[in-house]
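Below is a briefing on one protein chain, written for a reader who has not seen it before. The points are grouped by topic.

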Amino acid sequence: MEKIVDTHVHLSEHQDDALIRFAQINGLSYTLDELLNTMRSNNVTHGLLLSPPLQGSGCLSNDEIVKLCVKSGKMLSPVVTVEPSYKEVRAAIKFAEENQREVKAFKIRLGYVNASAENPVFDKLYDYAVAEGLPVLFHTGDTAFSSGDLARSHPLTLDRVANKRENMTIVLCHFGNPWFDDVAELIYKHPNVYTDTSGLTTAEDAYHEKYAAWLARKISEAVYYAGGAEKIMFGTDYPVSKYSDALDLIRRLDVEEGDKEKILGGNAERVFDL
Ligand SMILES: [Zn+2]
């Protein structure tokens with residue numbers, strides 16, 4: 001049986017969670033029970049839990065993310081979200097130290113926060129991530145809300161960071177959608193840069209089928225360009241994408257079966273030391 005890891009899941013069980021809109025579109029109840037049951041029924045053995053945005057500004061506290069992970073048994077592991085202030089960076093490092101056994105990575109919400117990846121405010125965080133061997137996830141590409149800042153979430157903004165920080169494992173979330181070719185170049189060029197396939201599919205509109213085929217083509221082409229699938233990891237961005245759609249996208253790829261297995265779980269086990 002193939003082992004599947006979901007590298008990008010959100011959850012809060014809070015009424016002001018800004019992702020509830022997506023849960024409603026997808027007909028999901030967006031609860032821990034639903035998430036774990038859906039993971040089990042799809043052979044997903046493990047998930048990385050990231051803080052969802054809350055209405056207004058900000059996102060769920062890392063404390064609450066860890067609590068949800070504890071409630072999940074061992075199925076979910078926390079990713080610590082880091083906001084761009086010196087105070088928040090210090091707090092995130094302290095939090096990661098205190099929860100060292102559980103924490104699997106950091107996340108920076110490019111496009112939603114008032115800083116680019118190169119901002120010196122993140123220097124200490126990057127130092128810590130390198131020292132501890134923890135990957136840093138970056139939101140890249142399209143933002144969930146029209147107020148997002150695409151100049152800061154463009155995947156090419158990570159090229160210089162990857163040059164400067166060759167020992168830091170960088171994950172470009174959402175394949176930089178729609179900048180798939182830029183991400184193909186970044187994962188090919190940098191040994192330390194990876195990407196995930198989360199949050200690419202949403203509601204069924206008139207072009208759902210053609211869009212799904214386009215996504216599968218773009219990701220397959222990135223595999224050809226990079227010469228392999230070692231840098232690509234499966235994710236859903238639950239509740240933004242449904243498990244059925246996110247898994248269907250991987251099954252559609254025009255690549256070797258062994259490469260699909262790497263994308264579904266093998267790469268994540270290696271990158272996140274699961
Ligand atoms: Zn997300």
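Pro-178 sits in the loop between strand S6 (170–173) and helix H8, where helices (H or I, at least four residues) and strands (E, at least two) are DSSP runs numbered from the N terminus. The peptide bond that leads from Asn-177 into Pro-178 is cis, with omega near 10°. This is a predicted model, in which local features need pLDDT of at least 70 and side-chain atom pairs count only at pLDDT 80 or more, while totals for chains, interfaces and linings use all residues. Residues are numbered from 1 along each chain as its sequence is written.

**Backbone exceptions**

- Most residues other than glycine have a negative phi, and most peptide bonds are trans.
- A cis peptide bond also runs from Tyr-238 to Pro-239, with omega near 5°; Pro-239 lies in the loop between strand S8 (232–233) and helix H10 (243–252).
- Tyr-30 is not a glycine, yet has a positive phi of about 60°. Its place is the loop between helix H1 (20–25) and helix H2 (32–41).
- Tyr-30 is buried, because 20 other C-beta atoms lie within 10 Å. A residue counts as buried if 20 or more other C-beta atoms lie within 10 Å of its own, as exposed if 12 or fewer do, and as partly exposed in between, with C-beta atoms placed from the backbone.
- Asp-273 is likewise not a glycine and has a positive phi of about 55°. Asp-273 is in the segment after helix H11 (257–271), and counts as exposed because it has 10 C-beta neighbours inside 10 Å.

**Overall form**

- The protein chain has 11 helices and 8 strands. Its radius of gyration is 17 Å, close to the 19 Å that the globule rule gives for 274 residues, so the chain is as compact as a globular protein of that length. The radius is taken over C-alpha atoms, and the rule is 2.2 Å times the number of residues to the power 0.38.
- Along the principal axes, the C-alpha atoms fill a box of roughly 45 × 40 × 35 Å.
- Of the 274 residues, 48% count as buried.
- Among contacts with a separation of 6 or more, 77% are between residues 24 or more positions apart. Two residues are in contact if their C-beta atoms, placed from the backbone, lie within 7 Å.

**The sheet**

- The 8 strands form an open sheet in the order S1-S2-S3-S4-S5-S6-S7-S8, with parallel pairing. S1 and S8 are at the edges and have a single partner strand each, so one side of each is left without a neighbour in the sheet. Two strands pair if DSSP finds at least two bridges between them.
- S1 and strand S2 (residues 44–50) run parallel and are joined by 5 bridges; Val-9 has Leu-49 as its bridge partner in S2.
- S2 is joined to strand S3 by 3 bridges, also parallel, and Leu-48 has Ser-77 as its partner in S3.
- S3 and strand S4 (residues 105–108) pair in the parallel sense over 3 bridges, with Phe-106 of S4 as the bridge partner of Val-80.
- In S3 (residues 76–81), 6 of the 6 residues are buried, so the strand is largely enclosed by the rest of the structure. Leu-76, Pro-78 and Val-80 are buried on one side, and Ser-77, Val-79 and Thr-81 on the other.

**The nonpolar core**

- The largest nonpolar core has 77 residues, and those with the most contacts inside it include Leu-49, Phe-106 and Val-136. Helix H8 (residues 180–189) gives the largest share of this core, 5 residues. Such a core is a set of buried Ala, Val, Leu, Ile, Met, Phe, Trp, Tyr and Cys residues joined through C-beta atoms within 7 Å.
- Beyond its neighbours within four places in sequence, Phe-106 is in contact with residues including Val-79, Val-80, Ala-92 and Leu-125.

- Leu-35, in H2, is buried, with 27 other C-beta atoms within 10 Å. Leaving out residues up to four places away in sequence, Leu-35 touches Val-9, Leu-11 and Tyr-238.
- Leu-35 and Tyr-238 are 203 residues apart in sequence and 8.1 Å apart in space, C-alpha to C-alpha.
- The buried residues of H11 include Lys-260, Ile-263 and Leu-264; what covers the buried residues of H11 includes strand S1 (4–10), strand S7 (193–196), S8 and H10.
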